[in-house]
Amino acid sequence: MAGLVAEIVAVCTWLGAGAWQGPGYSLVHDDISDMGALTAPHAWAFLIPQALAGAGTIAFVLFGLRPALAHAGRAGRSGPWLAALSGIQDVTDAAFRLDCRAADGCGQAQAAGSWHAQAHNAIGFACVLLLIVTPFVLARRFRRLPEWRRFALPSVLLGVVFVAGLLAVLAPQTASYQGLVQRAIALGGAVWGIAVAAHLVRLGRAEADG
């Protein structure tokens with residue numbers, strides 16, 4: 001249930017926070033991280049729920065999903081750990097904030113001028129790479145367990161979407177749609193996380209009843 005609630009809170013947080021960013025901020029063009037920058041209005045109303053959601057997701061993966069997949073053998077054993085590590089940025093963003101937003105006329109160099117903004121970018125990039133790898137690794141683990149096999153193919157497809165999303169973010173032709181691409185990736189990951197968490201809840205209830 002912690003994982004289920006955490007994913008829903010995360011989506012509601014980055015969707016809702018866009019409402020108070022002001023007319024200069026665009027959900028299509030601007031990064032999600034800009035809403036937690038030092039110059040962002042009411043940044044803590046975004047950062048605190050995001051950190052709590054990130055902590056909830058990490059706890060779900062390590063103490064819920066990992067034990068549930070323990071009988072899958074060695075295949076994809078690192079999957080849950082990769083999933084947990086990929087969620088670290090949601091927690092660390094509260095400490096490592098960007099210096100300013102693009103909506104304030106701030107360029108990339110200005111936004112990452114301080115040590116904490118540079119740490120934000122480094123952690124964010126590492127977490128994105130881990131997030132891309134995670135579905136492929138977990139798919140190997142899902143295939144080994146009959147009660148989880150249905151998630152193997154969707155996990156691979158999600159990984160492909162993540163790769164395509166990263167390429168779209170890096171491509172100059174789609175730079176103006178970076179915010180939209182980020183939100184599509186975040187939403188896809190959240191839907192996948194909600195489905196996995198809900199399935200684990202069902203399995204737990206079935207085991208308790210039987």
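**Stop 1: Gln50**

Select Gln50: it is buried, with a relative accessible area of 9%. Buried means under 20% relative accessible area, exposed means over 50%, and partly exposed lies in between (1.4 Å probe, protein chains only). The model is predicted, so local features need pLDDT of at least 70 and side-chain atom pairs count only at pLDDT 80 or more, while totals for chains, interfaces and linings use all residues. Residues are numbered from 1 along each chain as its sequence is written, and side-chain values use heavy atoms, with hydrogens and water left out.

Gln50 sits in helix α2, residues 44-68. Helices here are DSSP runs (H or I, at least four residues), numbered from the N terminus. Now show the side chain of Asp93. The side chain of Gln50 makes a polar contact with it, at 3.4 Å. A polar contact is a pair of N or O atoms within 3.5 Å; within protein, one must be able to donate a hydrogen and the other to accept it, and residues adjacent in sequence count only if both atoms are side-chain atoms.

What else is in contact with Gln50, leaving aside its neighbours within four places in sequence? Select Thr13, Asp90 and Asp93. Contact means heavy atoms within 4.5 Å.

**Stop 2: helix α3**

Select residues 79-86, which form helix α3. Six of its eight residues are buried, so α3 is largely enclosed by the rest of the structure. Colour the buried ones: Gly79, Pro80, Leu82, Ala83, Ala84 and Ser86. Their cover includes α2, α4 (88-92) and α6 (115-143).

**Stop 3: the salt bridge**

How many salt bridges does a search of the whole structure find? It finds one. A salt bridge is a side-chain nitrogen of Lys or Arg within 4 Å of a carboxyl oxygen of Asp or Glu. Select Arg101 and Asp104: their side chains meet at 2.9 Å, N to O. Arg101 is buried, with a relative accessible area of 6%. Asp104 is partly exposed, at 39%.

**Stop 4: helix α7**

Select residues 152-170 for helix α7. At 1.5 Å a residue, its 19 residues should span 27 Å; the end C-alpha atoms are 28 Å apart, which agrees. The expected span is 1.5 Å times one less than the number of residues. Buried residues of α7 include Ala152, Ser155, Leu158, Phe162 and Leu166.

Next, show Phe136, Val160, Val163 and Leu167, which make a nonpolar surface patch of about 330 Å². Three residues of this patch, its largest share, come from α7. One of the patch residues is Val163. Val163 is partly exposed, with a relative accessible area of 34%.

**Stop 5: helix α8**

Select residues 178-209, helix α8, and find Leu203 in it. Is Leu203 buried or partly exposed? At 27% relative accessibility, Leu203 counts as partly exposed. Leaving aside its neighbours within four places in sequence, Leu203 is in contact with Glu147 and Trp148. Leu203 and Ala68 are 135 residues apart in sequence and 9.2 Å apart in space, C-alpha to C-alpha.

End on Val201, also placed in α8. Val201 is buried, with a relative accessible area of 17%. Draw a distance to Ala139: the two C-alpha atoms are separated by 19 Å, and the residues are 62 apart along the chain.

Definitions and conventions. Helices (H or I, at least four residues) and strands (E, at least two) are DSSP runs, numbered from the N terminus. Patches are made of residues with over 30% relative accessible area and no salt bridge: like charges are joined within 9 Å, nonpolar side chains (Val, Leu, Ile, Met, Phe, Trp, Tyr) within 5 Å. Accessible areas come from the Shrake-Rupley method with a 1.4 Å probe; for residues, only the protein chains shown count as cover.
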